[in-house]
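User: Could you walk me through this structure? I'm new to reading these.

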Amino acid sequence: MLSQPTSVLVVDDEFSLRKALRKSLNASGFDVEEARNGEEAVGAVRQRSFDLVLLDMNMPGVGGVEACRKIRGLAPQTGIVMVTVRDAENDKVDALEAGADDYVTKPFRLRELMARLRAVLRRTHGHEATQVSVLTAGDLEIDLERHLLKRAGQPVHLAPKEFELLAFMMQNQGVPLTHARLLRSVWGPEYGSELEYLRSYVKMLRKKIENDSAKPEYILTEPWVGYRFRNPSDPDAPPLPADEE
Amino acid sequence: MSRLGHAATRALLGGSAVAIVTAIFNQLHADFAIVSFIYLLTIVLQSLAGDFLSAMLVSFAAVVCLDFFFLDPLYTFAVARSVDVAALFSFLTTALIITQLVLRARTEAQSADLERERLDQLYRLSQQLLAVKPEAIGTSTFLEHYLGTFGSTAICLFDGEAATLHIAGSSTRGLPDRTRDAYLSGRNVEDPDSGICIRCLQVSGRITGAIGFENLQNPQVTGGSLATLTATLLERRRVLREAATATAAAQAEVYRSAILDALAHEFKTPLATVSAAAGGLVEAGSLNIEQLDLVEMIESEMARLGALASRLLRMARLEREEVKPRMEIVELATILEHVVDQQRQRYPDRSFSLSAPARELEVSADPELLRLALNQVVENACKYSCAGSAVKIQVEEESGSVAIRVSNTGSSIPAVDERRIFERFYRGAVSNHLVPGSGLGLFVARKIAAAHGGGLDLEAREQPDSDVTFRFTLPAGRKVEVDHAVTTN
């Protein structure tokens, strides 16, 4: 575990939810502070640094997305997880584009929330350490320097763009990646709306790395938002979609 | 008689004028040419004032006078030269033609006046009627406006839509019954003997009622205009009424889905609190196995409630907003398998069968929306059939489209519900009590199908107790070209 308790700023306009989250997260060893709205949250981030911010999307005043943008500007290293009440995919895309690392939809299980928080924390805090050239996930092993992919020890042939796409996903495993971000990162900054490209590449990748491409275990679809790479060997891996997404 | 009398008087006056002209110009020994012009002038004046008969009589009198007083040999009816006969003949012809032309111009001017007056009257009438607020138009009020126009003494209106009869004034010749009969038979009545004129009211080819007049002047001309005006008024009132009802209904629906939306929102935060608190109990440790079990139960039920609320929320949103599918090429069978898997988990006691022509069957669709819609249709089949029923899903390629037929045994839809099940918030009388639901599912599913260029319908059944089948269609997908484009990239 971490030597110093992880600090979390819980931002929600609902008192009882803040209280429940504070007590529960405290019990799990997090150091929790509270803010009642976007303004307070931005103020708190100005005063001290947090490892994580848990930010409600629908708050009066400065909305969650705007607060997220400001916090990201003030604290680039802080992990931000948005809490949404709706499944409105636009909200999610907006939040991710505003700099959020992930989102959870109310109501969420505490376990699921903590898994998300840990995944985000690992990504934001382990940033300097991710310069490793070999990444593994389940029975996949990708060698970034030598442009090689092995599945259960067997080499898998990937086209250059397929490799880049998978490499980018594996480097950002566990967090949602919007279509636009994937396109920009793999194809270049002038891309962003060529969804058909992305979808056909994902389709081909799934055929090569998944057991059943109709029921993917690695490259999960985030409905209307994008994709999320799931590492099955990660204890905090998101559950596979079972029912009603 | 009086007409003849008038003609005789005018003929006498004209005759006197001819006599005076003859006397004066005979004294002056004027020659034929001058006198004939003066006679023509007299005849023109005569035609302007009188009728054809008198003008003709005057013309003949003038010819006789010309011959007797001004043509050689004078004071006899004999004519010396054949040229003179021609002159007399051409005078008479000219006189008669002038008479005819002048008279025609006069009657045309008169009928134009009449027409204008009639138009004025109709215009005033329609203005009066249009000025009345449509909601305030009682049928009898506007009949009152008609009464007296164009001399009518009784007016009767049969409103076909409401099947009601309205009358203004008092009829002495059975106008109400005849108006109703005219509506029923769809035939206009023109009965000059009893002074009755009845016209059917037509709106875009449809007969909406009939209007009857007693003692209407000039019924051939005015009857049609008044009937058109009435039909327009009735239609206007009907459309406004419909619009008002539709607005009220739409508002009610907006409120209803806004309430659903708010409810789902308000619902989810407390659920999150309970869930977080329950999770906190576990994190705090020191719970025994039974207690952990109970906490797990709380959490899973909270998750279930949350999923329900999400669904309601999504439905409410799709119901309210325009559905904008984000198309991609999807394998229909994959989606259907997924849908069946989900429903099988929820309804383990139904037997599912899925038959699709080929796994590779691809359609252009928004996979999320399509999944949502198909889930809804299949779930509907499960929800409204009893345990042990078979739910069959068949995919068929048709010309230009793909049809997904979802049928279930062991349930029926009452005929009254059949037409309405696709309406938003509509729930069959039986299902209202037996099966939970928002009444949005099929409405939203159909909306999604329509947004994809397809449709969702209930198939007609041969017998009331045969299987219920829903047919979901999508346009056939084009073959994927993107794959090639990308691999060469």
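User: In S12(A), what is the bridge partner of A:Glu222?
Analyst: In S12(A), A:Glu222 has A:Gly226 as its bridge partner; strands here are DSSP runs marked E of at least two residues, helices are runs marked H or I of at least four, and both are numbered from the N terminus. This is a predicted model, in which local features need pLDDT of at least 70, side-chain atom pairs count only at pLDDT 80 or more, and totals for chains, interfaces and linings use all residues. Residues are numbered from 1 along each chain as its sequence is written, while chains are lettered from A and ligands numbered from 1 in the order in which they are written.

User: And how many bridges join S11(A) to S12 of chain A?
Analyst: There are 4 bridges between S11(A) and S12 (residues 226-229) of chain A, and the two run antiparallel.

User: What order do the strands of that sheet take?
Analyst: The open sheet has 3 strands in the order S10-S12-S11 (chain A), with antiparallel pairing, where two strands pair if DSSP finds at least two bridges between them. S10 (176-178) and S11 (219-222) of chain A are at the edges with a single partner strand each, so one side of each has no neighbour in the sheet.

User: Switching to chain B, which residues of H2(B) are buried?
Analyst: They are B:Val35, B:Ser36, B:Tyr39, B:Thr42, B:Ile43, B:Gln46 and B:Ser47.

User: What does the face turned away carry?
Analyst: That face of H2(B) carries the exposed residues B:Ala33, B:Ile34 and B:Phe37; with C-beta atoms placed from the backbone, a residue is buried if 20 or more other C-beta atoms lie within 10 Å of its own, exposed if 12 or fewer, and partly exposed in between.
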